[in-house]
Structures are given as C-alpha cells and as structure tokens.
Amino acid sequence: MSKKEKPEEIKEEEVVEEAQKAEEEAKEPTIEDELKDTKEQLLRTAAEYANYRARSAKEKEQTYSNAKGNVIAEILPVIDNLERALSGEGSDYDALRQGVQMTMDGFMAALEKLGIEQYGESGDAFDPNIHNAVMHIEDDELGENVVCEVFQKGYKIGDRVIRAAMVKTAN
C-alpha cells in the first residue's frame with residue numbers, strides 16, 4: 001500500500017505546485033497585458049479628446065449665435081421706430097426730423113449698451129491706429145497732426161477698432 005500512496009502524493013504535490021505557479025503567473029502582468037491596457041487607455045483618451053473638441057465647437061457656435069441674438073434684440077427698437085416714421089402720414093418736415101433724431105438717439109443708446117464707442121471729432125489728435133486720413137491740408141491756424149474734418153465716425157469696442165474714422169488732417 002505504501003507504494004501506491006507515494007505516487008498519489010507526488011501527483012498531489014505536482015498539482016499544488018502547478019496551481020501555485022499559475023497563481024504567480026496570473027499575478028504578474030505580462031507585457032502583452034500591459035500593452036493591451038495601455039492601448040485601451042489611449043483609445044479612451046482619444047475618444048475623450050474627440051468628445052471635448054465636438055463639445056467645444058458646439059459651445060462656440062452657440063455663443064456666437066447668442067451674441068448675434070443679443071445684438072439684434074438691441075437694434076430691433078430702432079427698426080420699429082424707423083417703420084413708424086415711414087408709415088406716418090403727412091409731410092411735416094419738423095416732425096420727420098424729430099422722429100429721425102429720436103431714432104438716432106435710440107440707436108446710439110443701443111450701441112452704447114453693447115459696449116460700442118463712437119469716436120472721431122474735429123480737433124482730436126490724429127492717431128493712425130484709429131484714424132484713416134483721406135485728405136491733408138496745410139493750415140497755420142491748426143496744430144500739427146490734428147483732425148480738422150470727420151467724414152465718417154469711427155467705432156470701437158474697448159481697444160478693438162471696428163471701423164476707423166475717416167478724417168481730413170492738418171499739418
């Protein structure tokens with residue numbers, strides 16, 4: 001009986017050793033496993049970045065659309081005033097002039113609300129960054145690089161020039 005027991009014991013020991021080796025191998029990640037994990041992580045990162053880009057583009061478009069809507073909402077009362085002026089009966093010049101002046105005042109108030117500043121007055125110092133000189137005269141009564149006439153007002157938001165003032169300069 002002892003002869004039979006020994007081979008069985010050896011088999012049991014071999015099975016136990018093989019099980020321990022399998023456990024150790026399962027615990028230690030192989031290079032293939034590490035590469036697979038890294039690849040999955042890179043794919044997740046690439047998908048997250050693609051989602052971020054799409055979300056950013058959508059937010060940018062929505063912001064642009066909202067800004068346009070806000071500008072138009074400020075201008076609509078001016079359009080309403082112009083429509084009322086055009087639909088008015090009679091040809092009273094003073095009433096028409098008063099209506100146009102009120103419309104202009106409303107429009108300038110809307111621009112101011114939007115942060116748009118009007119500039120360009122006679123007597124201002126000429127600045128080539130914000131003025132477009134289309135004419136030049138020599139006049140001893142005026143100082144050097146002075147705006148003497150404004151053909152078109154300039155407009156800016158903060159430091160950004162939307163349209164340069166078209167002016168005539170002296171000296």
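A contact here means that heavy atoms lie within 4.5 Å. With that in hand, let's walk through this predicted model. Among contacts between residues at least 6 apart in sequence, 62% join residues at least 24 apart.

What order do the elements follow from the N terminus on? They run α-α-α-β-β-β-β-β-β, which comes to three helices and six strands. The radius of gyration of the protein is 40 Å, well over the 16 Å that the globule rule gives for 171 residues, so the protein is more spread out than a compact globule.

Next, the surface. Of the 171 residues, 11% count as buried. The accessible surface comes to about 14,200 Å², and 52% of this area belongs to carbon and sulfur atoms.

Now let's zoom in on one residue, Gly 123. Where does Gly 123 sit? Its place is in the loop between strand E1 (116-119) and strand E2 (131-137). Is Gly 123 buried or exposed? Its relative accessibility is 52%, and because exposed means over 50%, Gly 123 counts as exposed. Leaving aside neighbours within four places in sequence, Gly 123 is in contact with Val 146 and Val 147. Gly 123 and Glu 149 are 26 residues apart in sequence, while their C-alpha atoms are 8.1 Å apart in space.

Conventions: Residues numbered from 1 in each chain as written. Predicted model: local features only at pLDDT ≥ 70, side-chain atom pairs only at ≥ 80, totals over all residues. Heavy atoms only, no water. Helix = DSSP H or I, 4+ residues; strand = E, 2+ residues; numbered from the N terminus. Rg over C-alpha atoms; globule rule 2.2 N^0.38 Å. Buried < 20%, exposed > 50% of the residue type's maximum accessible area, 1.4 Å probe, protein only. Areas by Shrake-Rupley, 256 points an atom, 1.4 Å probe, with all protein chains shown as cover.
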